Amino acid sequence: MKEDFLVELWEKSYGQHNLEAAITLLSMASPAATKREIAAMNIGSRNSLLFSIREKLFGNVMSCFTACPECNTQYEFDFSPGSTDGLMEESNEEFTFNSG
């Protein structure tokens, strides 16, 4: 079942811009909503739905990799999209990430 969905998604979104591919995915997952309605959603709502679909397909942990643009130090970490709930609220909290 999941494999069929992924193959259909691949076929429908192949060659599309990332935004268009995201809207295609969301319209496949939510057939009651039109592509126009999905495109009109704010980016936070669309991304939240995309993370929810990703979690259903692949689990709730994402293995991530990045490199510092200043020193090129490489970082690997696991990330759970659910851990970001509430972060879109306005905040003056500052985050720092130290290596060492």
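Which residues in α2 are buried? The model examined here is predicted; local features require pLDDT of at least 70, side-chain atom pairs count only at pLDDT 80 or more, and totals for chains, interfaces and linings use all residues. Residues are numbered from 1 along each chain as its sequence is written, and side-chain values use heavy atoms, without hydrogens or water.

In α2, the buried residues are A21, A22, I23, T24, L25, L26, S27 and M28. Buried denotes under 20% relative accessible area, exposed over 50%, and partly exposed in between (1.4 Å probe, protein chains only). The buried residues of α2 pack against α1 (2–13), α3 (35–40) and α4. Across the protein chain, buried residues make up 19% of the 100 residues.

The protein chain holds 4 helices and 2 strands. Helices (H or I, at least four residues) and strands (E, at least two) are DSSP runs, numbered from the N terminus. From the N terminus on, the order is α-α-α-α-β-β. Helix α2 has 12 residues and reaches 16 Å from its first C-alpha to its last, close to the 16 Å expected at 1.5 Å a residue. The expected span is 1.5 Å times one less than the number of residues. Helix α1 also has 12 residues and reaches 16 Å between its first and last C-alpha, again close to the expected 16 Å. Just after α1, G15 takes a positive phi of about 85°.

Two packed helices are described by the angle between their axes and the distance between the axes. The axes of α2 (residues 18–29) and α4 (residues 43–58) come within 10 Å and cross at roughly 65°. Axes are lines fitted to C-alpha atoms, for helices over the stretch in contact, with angles from 0 to 180 degrees between N-to-C directions. The crossing is left-handed: in such a crossing the near helix is turned anticlockwise from the far one by less than a right angle. From α2, L19, A22, L25, L26 and A29 meet R46, L49, L50 and I53 of α4. By class, this contact has 8 nonpolar, no polar and 1 charged residues. Contact means heavy atoms within 4.5 Å. Leaving aside neighbours within four places in sequence, L50 is in contact with A22, L25 and L26.

The largest nonpolar core has 10 residues: L9, A22, I23, L25, L26, M28, I38, L50, I53 and L57. Such a core is a set of buried Ala, Val, Leu, Ile, Met, Phe, Trp, Tyr and Cys residues joined through side-chain atoms within 4.5 Å. The elements giving two or more residues to this core are α2 and α4. Its largest share, 5 residues, comes from α2.

Key. Ala, Val, Leu, Ile, Met, Phe, Trp, Tyr, Cys and Pro count as nonpolar, Asp, Glu, Lys and Arg as charged, and the others, Gly among them, as polar.
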